[in-house]
Amino acid sequence: MTARPRRPARTLRSVACWLLALAATAFFLFPIYWMAASSLKTENDVATYPPLWSFTPSLHSYRQLFEEMSALDALVNSCLIVGMATGLAMIAGTLAAYAMARFDIKGKNFLAFEVLSIRMLPPIVSVIPLFIIAKQLGIFDTPWLLIAAYTLSGLPFVVWVMRVFIQEIPQSIEEAALIDGCSRYQAFWRVTLPLLLPGLAATMVIVFMFAWNEFLLASILTSREAKTLPVIAANAIKPKAISFGLASAAGVLMSLPVVVLVLMMQRYLVRGLTLGAVKG
Amino acid sequence: MAELPATAGLEKADRRASAVRAGEKYVPWVLLAPTMLIMTIVGIFPLLHSLYISFTSLRPTEVDKPQGWVGLDNYIQAFGDAQFGHSLLLTGIFTILSVAIALTFAVLLAVLFNLRLPGFLAMRTIVLVPMLITPIAVGITWRIMMMPDLGVLNFLLSLVGIDAQPWANSKTSALAAMLLVDVWQWTPFMFIVIFAGLRALPRSPFEAAAIDGAGPLRTFFWVTLPMLKPVIVVASLLRIIDAMRTYDTVYIITRGGPDFSTDLVSVYLQRVNFKFFDLGYGAALSWLTLVAILAIVLIFVKLTGFMKTIADKGARR
């Protein structure tokens with residue numbers, strides 16, 4: 001009975017919090033809605049003031065994107081480059097993470113931090129030597145250069161995050177398998193790896209996302225053949241003639257895979273994003 | 001009697017296991033080799049090459065000009081480069097403000113969404129989306145929304161009776177506009193990390209605070225925040241590293257203008273390197289930037305005990 005006078009106040013507070021949350025959600029959602037809407041407007045509808053809220057959706061911008069901007073080539077390039085780089089970084093990084101998690105290695109922590117320091121390297125610093133080396137080796141404007149660069153920038157994530165995931169699997173499980181007559185290789189393949197799958201998938205999504213979104217290196221290290229999607233999208237914005245519908249369509253096209261992938265993997269993702277340093 | 005065979009079996013297995021291990025002395029190095037190879041070839045070697053270039057006057061597009069070794073000239077020139085100083089200062093201001101504002105919003109959002117009201121799960125998922133959008137797409141979208149004459153932002157302002165703003169088109173408001181975009185995109189990242197940290201906190205300190213009669217504000221400042229510190233430190237460090245190299249959105253929206261008011265260091269370096277093709281000088285500036293970033297990260301790490309946070313985690317496992 002004594003609690004009754006407090007109840008309206010509590011309800012009021014809940015409603016206030018709910019409205020606050022709704023406002024925050026609207027703030028974060030609105031630009032995404034606007035991008036999607038702009039991509040479906042015709043050239044005239046995008047440049048109308050006051051802005052159009054209801055319009056007949058048209059796929060014109062998307063068609064133009066594929067027909068005039070060779071977006072399909074860029075999409076193929078992006079998939080190839082990012083796919084290869086993600087795969088290589090995952091394989092090399094997981095092996096290294098396993099070594100760091102399971103063996104006593106001299107200078108282990110130094111190695112780990114050296115790997116982490118790559119994360120601090122601004123791409124603009126390494127782009128000049130990569131540019132020069134690529135010109136000399138004749139691999140400028142080929143996918144190989146970007147594959148190498150993205151593999152490198154993905155490695156720190158993989159090593160750090162997979163180390164934590166591996167450490168969480170008790171070593172005794174592997175030892176039991178060794179005693180049962182498995183080789184170390186078999187113990188890893190049959191016992192540890194299946195337990196690691198969620199961690200591997202989450203890490204892969206993050207590495208994929210960062211490489212997929214990368215623009216600076218891609219814009220400088222490619223000129224025609226190896227262009228990726230962000231480069232195509234940036235090309236739609238020229239100082240004089242900006243094609244808003246086209247640029248928005250490119251934005252949607254390259255953001256969609258990441259959004260879908262990450263929202264699917266949400267549960268495992270936080271530890272990955274924090275380099276495995278924080279339990280999530 | 002019954003225990004004896006078991007013990008013998010265990011010893012045998014032990015011996016077998018250690019024999020396997022003795023033969024595997026080099027296994028960790030084999031496992032580490034691919035990573036070290038990639039790091040050396042793609043990471044360290046280009047970096048050292050760039051250090052060498054920074055002592056030359058390499059200008060591949062101007063073959064008539066001298067290209068050779070110039071010693072410390074580039075570095076001496078860099079210290080007198082007011083534009084470089086300006087871009088470093090801008091980057092510093094941008095980083096501090098962007099991380100501080102995003103952190104504040106993120107903590108508030110995390111506390112808010114921790115209330116578990118109906119519909120919060122869906123809203124929380126929606127809030128995450130900005131950090132997943134490709135930065136180039138973010139730049140495009142905000143540039144369209146911030147157009148002074150056609151943009152939807154000024155239209156929305158006019159609905160509530162506020163005058164049209166120049167957003168990224170004026171020297172005075174361009175940096176603030178870039179901050180708005182950055183905060184919009186990266187608050188979700190800090191939010192989800194801090195939210196996860198909040199969910200993982202033990203209940204008992206909150207119960208103790210409630211018994212002691214602490215109000216919500218006191219509980220927040222004296223219980224919640226201190227316990228969240230490790231999470232906040234990690235999220236901030238990662239955000240600081242990334243904010244210092246902000247490029248994509250600024251490149252799309254302002255290209256460093258108007259009148260250099262958003263000329264962050266990455267944008268300036270891009271201009272020196274690939275518009276003027278002054279690669280020797282650009283390499284020197286890159287190295288100075290790298291040293292500055294490392295110094296700031298190290299100071300942050302020392303001040304916050306970041307390493308200890310990680311070491312503690314390691315020890316507990």
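Arg245(B) is partly exposed, at a relative accessible area of 22%; the label covers values between buried (under 20%) and exposed (over 50%), with a 1.4 Å probe and protein chains only. A salt bridge here is a side-chain nitrogen of Lys or Arg within 4 Å of a carboxyl oxygen of Asp or Glu. The model is predicted: local features need pLDDT of at least 70 and side-chain atom pairs pLDDT 80 or more, while totals for chains, interfaces and linings use all residues. Residues are numbered from 1 along each chain as written, chains are lettered from A and ligands numbered from 1 in written order, and side-chain values use heavy atoms, without hydrogens and water.

The structure holds five salt bridges over all chains. One of them joins Glu174(A) and Arg102(A) at 3.0 Å, N to O. Glu174(A) lies in helix α8 (residues 171-179) and Arg102(A) in helix α4 (residues 71-102) of chain A, so the pair ties together parts 72 residues apart in sequence. Helices are DSSP runs of H or I, at least four residues, numbered from the N terminus. Both Glu174(A) and Arg102(A) are buried. Asp259(B) and Lys171(B) form another salt bridge, at 3.3 Å. Both of these residues are exposed.

Between chain B and chain A, the salt bridge count is zero. Contact (heavy atoms within 4.5 Å) involves 98 residues of chain B and 94 of chain A.

How values were computed. Helices (H or I, at least four residues) and strands (E, at least two) are DSSP runs, numbered from the N terminus.
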